[in-house]
Amino acid sequence: MKNLLRVLKEGNGALNTHGNRIAATTITALVAACCTMSCKVSDAQTASTQVVVPEWALPGSPTHKQVPPPADFHRATKTSNKRIGIFDGQSDVGASLVPGNSNFSPLTKEYTINSAGYNIWYTRDEFRFLWKKMSGDISLAADVKFPNEAGFFDRKAVVIIRQSLDDDSEEAMVARHGAGLMHLAWRPEKNTKVLQMKVPEKSAMRIGIEKRGENYAMFISLNGEPMHQLGDPVKLPFKEPFYVGIGFCSHIPDKVDTAILSNVVLENAAGKI
């Protein structure tokens, strides 16, 4: 292509003269060939960057059931230590196949979290996590909404406490699913399956988690009433410091969706939700 440009430059615009008709025809053919080669290279590059979704990570459907990842399957978390709102940083835990992003509006107090990710479940997680490193007792709560009504029914917005940023970290979370399901869930040890306490209530406007010593409890407000605890707390011996924050996953490995968490309360004490 560089040689072609040199020929064009040296021709100095005279290609339509009788003596240059053959050269003009040749250059036209070269241009067409170069364009074809360029398109083929572009197609090859696109094919090489296409996301390949493992069978186990596909979301549940009438013809497919999502299953746990293979034993000891992990991806290194990708982290930005740039502060966002009250949080010290944000991470794509488990390095979702499509990177996530987040932003905070000081005016509306809303955190908009855009994330792909196959799940926050089983023996490892994939989600966008906004976090603050803390110790001691914790009160954490947030309003939750999903602006995309057509999102996958099992997508999860969470308030969560994690031992580390590893994809298989010990954790305790309260989740609000796209279809309204809610639960307190926890991974008691690294690389082990998540356990859960389901509740009959659905579609809370506000969810919260409280850490009091080694006890972790679920709180909700269905329609704006004062937060109240659901079920019994679970006991987990996290080491200090740990990571506290909010997160979201689309529950589809290669497609980004959005959750908005707002009016976030994060206090370094129990009983403040």
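Trainee: Is Y243 buried or exposed?

Mentor: In this predicted model, Y243 has a relative accessible area of 12%. Buried means under 20% relative accessible area, so Y243 is classed as buried.

Trainee: Which residue forms an aromatic pair with Y243, and in what geometry?

Mentor: Ring pairs are read from the distance between centres and the angle between planes, with over 60 degrees counted as edge-to-face. W131 and Y243 are 5.1 Å apart centre to centre, with 85° between the planes, and the pair is therefore edge-to-face. W131 is buried as well, with a relative accessible area of 6%.

Trainee: Which parts of the chain does this pair tie together?

Mentor: W131 belongs to strand 7 (residues 127–134) and Y243 to strand 16 (residues 242–249), so the contact links parts that are 112 residues apart in sequence.

Trainee: How many aromatic pairs does a search of the whole structure find?

Mentor: The search returns 9 aromatic pairs. There is also an aromatic cluster formed by W56, F73 and Y118.

Trainee: Let us turn to the sheet. In what order do its strands stand?

Mentor: Strands of a sheet pair through backbone hydrogen bonds, and the pairing may be parallel or antiparallel. Here, 7 strands form an open sheet in the order 3-4-17-8-13-14-15, with antiparallel pairing. Its edges are strand 3 (101–105) and strand 15 (228–235), each of which pairs on one side only. On average, neighbouring strands of this sheet are turned by 25° against each other, direction ignored.

Trainee: How many bridges join strand 3 to strand 4, and which residue stands opposite N101?

Mentor: Strand 3 and strand 4 (residues 110–115) run antiparallel and are joined by 5 bridges. Opposite N101 stands N114, in strand 4.

Trainee: Finally, consider a loop residue. Where is S169 found, and is S169 buried or exposed?

Mentor: S169 lies in the loop between strand 9 (156–162) and strand 10 (171–177). Its relative accessibility is 0%, so S169 counts as buried.

Trainee: Which residues is S169 in contact with, leaving aside its neighbours within four places in sequence?

Mentor: On that basis, S169 is in contact with R162, Q163, S164, R187 and K190. With Q163 there is a specific approach to note: the side chain of S169 reaches the backbone nitrogen of Q163 at 3.2 Å.

Trainee: How far apart are S169 and R124 in sequence and in space?

Mentor: The separation is 45 residues in sequence and 7.5 Å in space, C-alpha to C-alpha.

How values were computed
Residues numbered from 1 in each chain as written. Predicted model: local features only at pLDDT ≥ 70, side-chain atom pairs only at ≥ 80, totals over all residues. Heavy atoms only, no water. Pairing = 2+ DSSP bridges. Helix = DSSP H or I, 4+ residues; strand = E, 2+ residues; numbered from the N terminus. Axes fitted to C-alpha atoms, helices over the stretch in contact; angles between N-to-C directions. Phe/Tyr/Trp six-rings, centres within 6.5 Å; stacked < 30°, edge-to-face > 60°. Buried < 20%, exposed > 50% of the residue type's maximum accessible area, 1.4 Å probe, protein only. Contact = heavy atoms within 4.5 Å. Polar contact = N/O pair within 3.5 Å; in protein donor to acceptor, adjacent residues only side chain to side chain.
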